[in-house]
Amino acid sequence: MRELSDGLWHHLSQAADADVDGRISLAEYQAAFAAGLLVTPASFDAGYVPFLDALMDIADQDGDGKLTRDEQVCWSGALMGLPEADAREVFGRLDRDADGLISRDDMLQAIRDFYFNEEPTSTGVWLLGPLDPA
């Protein structure tokens with residue numbers, strides 16, 4: 001997971017860290033996306049699918065290829081510091097077929113929506129928890 005995270009960071013920093021200071025500012029991030037970084041599904045998938053696969057392999061404790069609500073709460077709290085109540089709400093939003101599970105496809109769609117779908121009702125809006133109204 002660390003290797004994949006480092007690889008994803010390296011990919012993003014090469015494309016976005018214009019002043020080569022080891023950080024990506026909001027302006028650099030926006031400029032990189034405007035210039036075409038991860039704009040196509042193929043380029044997006046090349047950068048994010050291996051990370052998602054590793055995340056799912058770690059978080060999916062029973063190995064069935066899907067996340068339960070408790071597995072979702074556990075990984076999103078550990079990796080993103082998402083409060084339990086928010087993680088439970090996120091689960092409900094990402095579980096589009098209401099079967100009590102989030103598949104890799106559900107999660108990938110939410111990540112794609114986060115980056116590419118501007119509809120306020122998309123699942124991507126909830127990927128990282130509720131938006132801060134401030």
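How far apart do the end C-alpha atoms of residues 82-117 lie? They lie 22 Å apart, and the span is 67% helix and 6% strand, where helices (H or I, at least four residues) and strands (E, at least two) are DSSP runs numbered from the N terminus. This is a predicted model, in which local features need pLDDT of at least 70 and side-chain atom pairs count only at pLDDT 80 or more, while totals for chains, interfaces and linings use all residues. Residues are numbered from 1 along each chain as its sequence is written, and side-chain values use heavy atoms, with hydrogens and water left out.

For residues 82-117, UniProt, in an unreviewed entry, gives the feature "domain: EF-hand", and such annotations may be inferred rather than shown by experiment.

Let us turn to a pair of helices. Helix α4 (residues 69-80) packs against helix α5 (residues 84-94) at an angle of about 130 degrees, with their axes 9 Å apart; axes are lines fitted to C-alpha atoms, for helices over the stretch in contact, and angles run from 0 to 180 degrees between N-to-C directions. That makes α4 oblique to α5, because angles under 35 degrees count as roughly parallel, over 145 as roughly antiparallel, 65 to 115 as roughly perpendicular and the rest as oblique. Among the residues that meet here are V73 in α4 and F91 in α5, contact meaning heavy atoms within 4.5 Å.

Finally, W9 sits in helix α1 (residues 2-16). Leaving aside neighbours within four places in sequence, W9 is in contact with G22, R23 and I24, and the C-alpha atoms of W9 and A87, 78 residues apart along the chain, are separated by 24 Å.
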